Amino acid sequence: MTIRILSAAVMLAAGASVAQAQQLAPSPTLDAIKARGNLECGVHLGLPGFSFANDKGEWSGLDVDYCKALAAAVLGDANKVKYTPTSVQQRWPILQSGQVDVLSRNSTITFSRNATLGLNFQGINFYEGQTFIVRKSANAKTAADLDGASVCVAAGSTEEKNAADWFRERNLKTTITNFQKNDDAIAAYDAGRCDAYTAGVGALAGQRAKLKTPEDHVILTQPISNDPQGPVTRWGDERWQLVVRWVLNGMIAAEALGVTSKNVDDMKANSKNSEVRRLLGAEGGFGAMMGLSNDWMYNAIKQVGNYGESFERTVGMGSNLKMERGQNQLWIKGGLLFTPPFQ
């Protein structure tokens with residue numbers, strides 16, 4: 001009798017939780033996306049491996065893949081995305097004004113941004129570390145070898161402040177020259193106006209490809225900062241933030257659970273793993289809790305893939321950048337990438 005009472009109480013509590021979730025305030029952002037039939041996603045002006053448009057106007061990259069996965073989860077179609085390229089200076093006002101629904105643009109999570117810009121970061125999709133690119137002829141091995149050098153950087157970026165702090169704290173004299181756009185800064189470095197250019201190691205891998213003679217330049221291996229990056233939303237509209245956060249979690253969880261774009265149909269139909277079944281909408285009704293169809297993550301994984309698939313083709317060994325997973329490996333494989341459970 002006691003066991004039956006406890007079971008009934010658990011079922012009632014679970015039912016109440018679902019009902020509570022379904023009674024959350026409507027999402028103006030989600031409603032607007034569904035009404036217009038496309039996701040508005042803010043991306044980089046053009047950074048190979050992360051956000052880059054080819055000569056046909058087709059966008060690709062790690063951050064772009066996230067936009068596609070979000071569109072697949074919300075609208076059932078990964079192609080229903082409008083991309084808005086943003087500079088370092090434009091990205092926050094464009095998001096704050098409502099011109100885009102989400103910013104997926106290699107932007108570092110910082111306290112001051114979270115506290116003062118009216119923005120929320122919805123997880124980490126890339127663990128970045130800032131360093132420098134220099135000419136091989138300079139024979140620089142570490143950042144300390146840049147004492148007396150000039151460094152190009154994008155104005156208003158975390159890299160600008162990180163570099164200034166790092167050299168000042170070590171009493172190293174360096175001239176930092178800022179530019180309105182990353183492309184302007186890397187072009188100035190390429191033209192010989194600076195001895196070095198600084199950015200995240202992932203960004204540098206993409207920017208080096210734009211240089212006249214990429215083989216003449218080397219990326220220093222010593223990082224001077226830890227710069228986690230991820231999708232960004234405006235304050236308010238908690239239901240939309242929930243969707244943005246858990247689509248990213250879903251891509252990471254899918255890799256950890258062994259769900260890929262190739263086996264997702266079989267896993268949905270035959271997996272006995274409860275977390276897999278909840279992730280793919282075979283049980284649990286998780287999509288309905290957010291105002292989505294229950295196959296939200298099935299659509300995202302089927303059309304875009306899990307996090308590992310995305311990383312491999314955009315910045316990893318299957319891409320032109322040939323980046324190691326490193327700290328962007330799953331936590332179960334020694335990296336930092338993890339997600340809360342789908343329970």
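Modeller: Happy to! Buried means under 20% relative accessible area, and exposed means over 50%. Partly exposed is anything in between. Please keep in mind that this is a predicted model.

Biologist: Which residues is Trp92 in contact with, leaving aside its neighbours within four places in sequence?

Modeller: Those contacts of Trp92 are Leu103, Ser107, Arg113, Leu117, Leu119, Phe121 and Val232. As for Ser107, it sits 15 residues from Trp92 along the chain, and their C-alpha atoms are separated by 10.0 Å.

Biologist: Nice. And where does Ser87 lie?

Modeller: Ser87 is in the loop between strand S4 (81-86) and helix H4 (91-96). Its relative accessible area is 5%, so Ser87 is buried. Not counting residues up to four places away in sequence, Ser87 touches Leu45 and Arg105.

Biologist: Let's zoom out. How many helices and strands are there in the chain?

Modeller: The chain has 14 helices and 14 strands. Of its 343 residues, 52% count as buried.

Biologist: What about the contacts with a separation of 6 or more: what share comes from residues 24 or more positions apart?

Modeller: Residues 24 or more positions apart account for 71% of those contacts.

Biologist: On to the inside. How many residues has the largest nonpolar core?

Modeller: The largest nonpolar core has 72 residues. Leu70, Tyr197, Trp240, Val247, Leu280 and Trp296 are those with the most contacts inside that core. There is also a second, separate core of 14 residues, which includes Ala149, Val151, Phe167 and Leu172.

Biologist: Pick Leu280. What is Leu280 in contact with, leaving aside its neighbours within four places in sequence?

Modeller: Leu280 is in contact with Val259, Val264, Met267, Lys268, Asn294, Asp295, Tyr298 and Ile301.

Biologist: Tyr298 and Ile301 made your list, so tell me about helix H13. Why is helix H13 described as largely enclosed by the rest of the structure?

Modeller: Helix H13 covers residues 296-303, and it is largely enclosed because six of its eight residues are buried. The buried ones are Trp296, Met297, Tyr298, Asn299, Ala300 and Ile301.

Biologist: And what do the buried residues of H13 pack against?

Modeller: They pack against helices: H3 (62-75), H9, H10 (264-270), H11 (274-279) and H12 (286-290). Just after H13, Gly305 takes a positive phi of about 110 degrees.

Biologist: How about H8: mostly covered or mostly open?

Modeller: Helix H8, residues 201-208, is mostly covered, with six of its eight residues buried. Those are Gly202, Ala203, Leu204, Ala205, Gly206 and Gln207. The buried residues of H8 pack against strands S7 (126-128), S8 (130-135), S11 (196-200) and S12 (217-219), as well as helix H7 (182-190).

Biologist: Back to backbone angles. What is phi of Asp237?

Modeller: Phi of Asp237 is near 55 degrees, a positive value in a residue other than glycine. Asp237 is in the loop between strand S14 (232-234) and helix H9 (238-257). At 17% relative accessibility, Asp237 counts as buried.

Biologist: And Lys322?

Modeller: Lys322 has a positive phi of about 55 degrees although it is not a glycine. Its place is in the segment after H14. Lys322 has 48% relative accessibility, so it counts as partly exposed.

Biologist: Last topic, the surface. Which residues form a nonpolar patch there?

Modeller: Trp331, Ile332 and Phe338 form a nonpolar patch on the surface, with about 340 Å² of accessible area together. Trp331 lies in the segment after helix H14 (307-314). Trp331 counts as partly exposed because its relative accessibility is 39%.

How values were computed. Residues are numbered from 1 along each chain as its sequence is written. This is a predicted model: local features need pLDDT of at least 70, side-chain atom pairs count only at pLDDT 80 or more; totals for chains, interfaces and linings use all residues. Side-chain values use heavy atoms; hydrogens and water are left out. Patches are made of residues with over 30% relative accessible area and no salt bridge: like charges are joined within 9 Å, nonpolar side chains (Val, Leu, Ile, Met, Phe, Trp, Tyr) within 5 Å. Accessible areas come from the Shrake-Rupley method with a 1.4 Å probe; for residues, only the protein chains shown count as cover. A salt bridge is a side-chain nitrogen of Lys or Arg within 4 Å of a carboxyl oxygen of Asp or Glu. Helices (H or I, at least four residues) and strands (E, at least two) are DSSP runs, numbered from the N terminus. Buried means under 20% relative accessible area, exposed over 50%, partly exposed in between (1.4 Å probe, protein chains only). Contact means heavy atoms within 4.5 Å. A nonpolar core is a set of buried Ala, Val, Leu, Ile, Met, Phe, Trp, Tyr and Cys residues joined through side-chain atoms within 4.5 Å.
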